[in-house]
Amino acid sequence: MNGVGLEHYLIVSAALFCIGLFGVVTRRSVLVIYMSLELMLNAANLALVAMSRFNGNLDGQIMVFFTITVAAAEVSVGLALIVALYRKRQSTHVEDLTTMKL
Amino acid sequence: MTQEILFYVFSFLTLLSGILVVANPVSRNPVTSAMFLVLTILFMAGLFVLLHAFFLAAVQILVYAGAVIVLFLFVIMLLDLKEEETRRVRKIGAGIGILAVASVFGLMARTIGTIPPTASSGASRPTLEGLTAPLGNALFKQYLLPFEILSILLLVAMVGVILLSKKDLR
């Protein structure tokens, strides 16, 4: 009847994770790298929800709830860092941001 | 049957808009990437609904599409980003990136291939419902301590952001 199983969702999750990884590896704008990181986090969320559903255990969904909250905190701190960096360097291009010292 | 079709439609659209976030052939503007990120998150919320995680689907839309993307757009508009469009992508870097990522995907797919198939075996039909009441129960009973620690984390993040966005970083 319902031919979609756990492995289908996991394949979608893995593919989305790899798309995000590709963005992190190849893009050169810090903001787009950050968006790709969000994609990877979302892929992990999808895998957790699928596992939770097919194992009949609610803990996976609780984990995703926590992940979403931590991701929101992470995004706010990261974007504040990017804004602070831009003020000092006038650039968000990773090749211009090769030294850690401001 | 409709669930099956919806799964394929949603996952195709999720992956398509995910690809358009990182490698858009038309535009290299970060705003376009952010907009496709919204689409990815919305379609993923659709997948969550198919997995009967209704509460998480709502949270996904509220937190990601509502808060995170707005934050991204604010920062993109705050910083005047014209430069990204002019710089060219290095072909060799993209090629090596595709190779590396494809091998990572191959590893993952092989691992997923080793788990026994769940779709055909009708014996264990998934019955879990991610409604708000059971999630809230677990969150406020079994997971009360992590929940409270999370609120401290949010407070710390808020203080950190205020400190970072002050005029002089001292």
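Colleague: In what order do the elements of chain B run from the N terminus on?

Modeller: They run α-α-α-α-α-α-α, which makes seven helices and zero strands. Helices here are DSSP runs of H or I with at least four residues, strands are runs of E with at least two, and both are numbered from the N terminus. This is a predicted model, in which local features need pLDDT of at least 70 and side-chain atom pairs count only at pLDDT 80 or more, while totals for chains, interfaces and linings use all residues. Residues are numbered from 1 along each chain as its sequence is written, chains are lettered from A and ligands numbered from 1 in the order in which they are written, and side-chain values use heavy atoms, with hydrogens and water left out.

Colleague: What makes α2(A) and α2(B) roughly parallel?

Modeller: Helix α2 (residues 30–55) of chain A and helix α2 (residues 30–50) of chain B pack at about 5 degrees, with axes 11 Å apart. The axes are lines fitted to C-alpha atoms over the stretch in contact, and angles run from 0 to 180 degrees between N-to-C directions. Angles under 35 degrees count as roughly parallel, over 145 as roughly antiparallel, 65 to 115 as roughly perpendicular and the rest as oblique. The two helices are therefore roughly parallel to each other.

Colleague: Which residues make the contact?

Modeller: Among them are A:Met35, A:Leu39 and A:Leu46 of α2(A) and B:Leu37, B:Met44 and B:Phe48 of α2(B). Contact means heavy atoms within 4.5 Å. By class, this contact has 12 nonpolar, four polar and one charged residues. Ala, Val, Leu, Ile, Met, Phe, Trp, Tyr, Cys and Pro count as nonpolar, Asp, Glu, Lys and Arg as charged, and the others, Gly among them, as polar.

Colleague: Why is A:Val64 called buried?

Modeller: Buried means under 20% relative accessible area, exposed over 50%, and partly exposed in between, with a 1.4 Å probe and protein chains only. A:Val64 has 0%, so it is buried. This residue lies in helix α3 (residues 59–89) of chain A. Not counting residues up to four places away in sequence, A:Val64 touches A:Asn45, A:Leu48, A:Val49 and B:Leu56.

Colleague: How do you know whether A:Gln61 is buried or exposed?

Modeller: Its relative accessibility is 0%, so A:Gln61 counts as buried. A:Gln61 also lies in helix α3 of chain A. Leaving aside neighbours within four places in sequence, its contacts include A:Ser52, B:Ala53, B:Leu128 and B:Leu135.

Colleague: Why is B:Gly160 called partly exposed?

Modeller: At 23% relative accessibility, B:Gly160 counts as partly exposed. B:Gly160 is found in helix α7 (residues 144–164) of chain B.

Colleague: What makes the pair of B:Phe10 and B:Phe43 tilted?

Modeller: The ring centres are 6.4 Å apart and the planes stand at 45 degrees, so the pair is tilted. B:Phe10 lies in helix α1 (residues 2–22) of chain B and B:Phe43 in helix α2 of chain B, so the pair ties together parts that are 33 residues apart in sequence. B:Phe10 is partly exposed at 21%, whereas B:Phe43 is buried at 19%.

Key:
Phe/Tyr/Trp six-rings, centres within 6.5 Å; stacked < 30°, edge-to-face > 60°.
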